[in-house]
Amino acid sequence: MPTSHRFIPDLSADEISAIQTSGLNWTLAHAFAGNPAYRQKLSAAGYEPGMTLSLEDITSLPFTTTDDLREGYPLPLLSVPQEDVVRVHASSGTTGKRKVLAYTQADIDTWKHMFARCYELAGLSVLDRVQIAVGYGLWTAGAGFQIGCEHFGAMAVPVGPGNMEIHLQLLEDMQTTTLCSTASMALLMAEEVQKRHLKGKIALKKAIFGAEPHSDKMRRRIHELLGIEESFDIVGMTELYGPGTGLECCAHAGIHYWADLYILEILDPQTLRPVAPGEVGEMVVTTLRKEAAPLIRYRTRDLTRLLPGECSCGVRLPRHDKILGRSDDMIIFRGVNIYPGQVAAVIELFKELGSEFRIHLFRKGGKDQMLLQVERRPEADPTYDQNLSEAVSEELRKQVMVRAWVEVMGQGELPRSFGKTKRVVDDREAGEQ
Ligand code: ADP
Ligand code: ZN
């Protein structure tokens, strides 16, 4: 199978190591020569131009963090003369100050090639019609999905997020085959398609979901309402070109990532040492040919684990698990560390419940309180809400070790989003309620 790929390289572990070793050394020399902040940090760590490091030596290199991006604002980590920059993008700023990243033309080309691999891995052909429902403009999302689609050779239908009427019309008129969006946006669209009885008139077969974690439950509901056969989780971040740094393959057993374009380390966020193979830790990335804003051991704050072994899909590039959360999402509630993903996993156990939930934190009676609001599935009988809420509360106590109030709500009662859904509302600073 690998030989039939146009964009995805077929590389052995040794070949990947060789590419990573030369890419690492290129990046160090490039960042040292082009960026004063990198030069200072690398010198302090004992690096000198002309040195050749092995892959194992990476652990002696300094980290790059979001603070470095903030300090270098508005063009952090810039390592090329400004005349070589052809574009900037910025993150949606889910946490803290907007991160602005610069691109050279070669960076854009790398990105589009990397993204074309994603469409290839998802099994698209040049006949596919790809409706893009993510943000355009400053964000990397729309730009990435579009340049990747064009480079791959399929037809892009660039609508952007929101605009439900236009989306529905084009799904029908263009007979779009592939939807690219957040799972939240897809759910919103799916519910609209159901309301208007459009399922029989549209031709969607595949979807690519990125930018936020989503549960299997959410995915199943979207599939069911839109008549989608298969969907794929796509990962990426503004700092590392944008979306498209890896994709779930047709074996649906983790995400293949482009190890010939960046080195992925999984580190314990406290000790900053590698976790045991297969354990969850923070993704730390080093780019191998990124020009304008190279990354050296950049702490992404995203959590995942490496998946060992060969994938049954035949692609030899390595895999990591889906993104299990980001360290910024962690809630500390009465001394317990909780990720929204753990709550989603409990909800997954109850067939009466839908995928949508919201965690509300507040203060009452001098104590922190947690209210979990969760939607029931349309066919579930509301008469049993009380029993259901007690059962979910009990399961949360057992599995996540928190005591929470659970409110079961009707389908569609929680707010929907065109982009990333906000799962946690923290009013604890607002005083007693
Ligand atoms: P931000 O959200 O910080 O403003 P970006 O818009 O660049 O920045 O989004 C990148 C972040 O989105 C990633 O670091 C990760 O936390 C999250 N993300 C992206 N894709 C996925 C995915 N498929 N699953 C879970 N989280 C994702
Ligand atoms: Zn695979």
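This is a predicted model: local features need pLDDT of at least 70, side-chain atom pairs count only at pLDDT 80 or more; totals for chains, interfaces and linings use all residues.
Good morning, colleagues. I begin with the division of the chain. Domain 1 brings 23 residues to the contact, and domain 2 brings 19 residues.

Let me turn to the buried area. The two domains bury about 1700 Å² between them, and carbon and sulfur atoms account for 50% of that area. Which residues of domain 1 lose the most area to domain 2? They are Leu188, Lys217 and Arg221, which together make up 32% of what the domain 1 side buries.

Three salt bridges are counted between domain 1 and domain 2. As for individual pairs, arginine 220 forms a salt bridge with glutamate 348, and their closest N and O atoms are 3.7 Å apart.

Which helices supply the side of domain 1 that touches domain 2? Helices α7, spanning 183-195, and α8, spanning 216-226, each supply at least two residues of that side. Of the elements involved, α8 gives the most, with six residues.

Finally, the composition. On the side of domain 1 that touches domain 2, eight residues are nonpolar, seven are polar and eight are charged.

That concludes the presentation; thank you for your attention.

Methods:
Residues are numbered from 1 along each chain as its sequence is written. Chains are lettered from A and ligands numbered from 1 in the order in which they are written. Side-chain values use heavy atoms; hydrogens and water are left out. Contact means heavy atoms within 4.5 Å. Buried area is the accessible area (1.4 Å probe) that two parts lose on being put together, summed over both. A salt bridge is a side-chain nitrogen of Lys or Arg within 4 Å of a carboxyl oxygen of Asp or Glu. Helices (H or I, at least four residues) and strands (E, at least two) are DSSP runs, numbered from the N terminus. Ala, Val, Leu, Ile, Met, Phe, Trp, Tyr, Cys and Pro count as nonpolar, Asp, Glu, Lys and Arg as charged, and the others, Gly among them, as polar.
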